[in-house]
Amino acid sequence: MTSNQPADPRPAYAAATEWVTGLLAAVSDDQLTAPTPCEEFDVRMLAAHVTATAQRAIVLAEGGDVLAVPRFAETHDAESFAALVGRAVELWSDDAKLGAMVRVPWGEVPGAGALWGYVSETFVHGWDLAVATGQPAEADASVVEPVLAVAQQFIPAEIRGDTEVPFGTVVEPRPEAGPTERLANWTGRDATKWVRSVA
């Protein structure tokens, strides 16, 4: 991975979405109203939002307007999410889509850069979901470490004061934090507030 051209994001996207599918499948009905580290979302809303990110990955690959996709999907279950992800993975299998320029909320970027954004978002919201529902909150470290490196490169700490940047101030990781938690820290999540779930 070079400073200008990160590695192919598709394997990481497949891994991130597979992990989140498992997390969604383990959410019980009585957890749907529980709070999450994403402060404005309860578990149900968070699940619907992460499902919407899969919808956006599809629309992006189809050349559509991702800004027209609602922030929350009408569904929030593992089966619906997995079906959307399957379609997204199929569409992104076309190598040409990685180099094609696409418009996303933060500007016009190559498809690969946009998909890296969804990889990071999926892992971070997976961490949110895991700690909110008492599930193991670390995904495969060998997959997440490169994602963290991409996030640190393209979402540097210095830009957090910009009102257009939808991330909080970087949080210092706990000494025992794994890469998924450190990725969440990089986007402004404070794991110490969820230490019981994270431990």
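Colleague: Where is the place of T17?

Modeller: T17 sits in helix α1. Helices (H or I, at least four residues) and strands (E, at least two) are DSSP runs, numbered from the N terminus. This is a predicted model, in which local features need pLDDT of at least 70, side-chain atom pairs count only at pLDDT 80 or more, and totals for chains, interfaces and linings use all residues. Residues are numbered from 1 along each chain as its sequence is written, and side-chain values use heavy atoms, with hydrogens and water left out.

Colleague: Is T17 buried or exposed?

Modeller: Buried means under 20% relative accessible area, exposed over 50%, and partly exposed in between (1.4 Å probe, protein chains only). T17 has a relative accessible area of 2%, so T17 is buried.

Colleague: Which residues is T17 in contact with, leaving aside its neighbours within four places in sequence?

Modeller: Contact means heavy atoms within 4.5 Å. With those neighbours left aside, T17 touches F81, V85 and T122. A polar contact is a pair of N or O atoms within 3.5 Å; within protein, one must be able to donate a hydrogen and the other to accept it, and residues adjacent in sequence count only if both atoms are side-chain atoms. For T17, a polar side-chain atom lies 2.8 Å from the backbone oxygen of Y13.

Colleague: How many helices and strands are there in the protein chain?

Modeller: The protein chain has eight helices and two strands. Their order from the N terminus is α-α-α-α-β-β-α-α-α-α. Of its 199 residues, 50% count as buried.

Colleague: What does α2 reach from its first C-alpha to its last?

Modeller: The expected span of a helix is 1.5 Å times one less than its number of residues. Helix α2 (residues 43-61) has 19 residues and reaches 28 Å, close to the 27 Å expected. D42 caps its N-terminal end, with a side-chain oxygen 3.2 Å from the backbone nitrogen of R44. Just after α2, G63 takes a positive phi of about 85 degrees. Because 15 of the 19 residues of α2 are buried, this helix is largely enclosed by the rest of the structure.

Colleague: Which residues have the most contacts inside the largest nonpolar core?

Modeller: In soluble globular proteins, nonpolar side chains tend to be buried together. A nonpolar core is a set of buried Ala, Val, Leu, Ile, Met, Phe, Trp, Tyr and Cys residues joined through side-chain atoms within 4.5 Å. Here the largest one has 60 residues, and Y13, L60, F123 and L183 have the most contacts inside it. Elements that give two or more residues to this core include α1 (10-25), α2 and α5 (111-133). The largest share, 13 residues, comes from α5.

Colleague: What is F123 in contact with, leaving aside its neighbours within four places in sequence?

Modeller: Among its contacts are A12, A15, W19, V143 and L183. V143 is found in helix α6 and is buried, with a relative accessible area of 18%. The C-alpha atoms of V143 and A12 are separated by 6.1 Å, although these residues are 131 residues apart along the chain.

Colleague: Which residues form the covered face of β1?

Modeller: In a regular strand the side chains alternate between the two faces of the sheet. In β1, V102 and V104 form the covered face, and M101 and R103 the uncovered one. Two strands pair if DSSP finds at least two bridges between them. β1 pairs with strand β2 (residues 107-110) in the antiparallel sense over four bridges, and V104 stands opposite G107 in β2.
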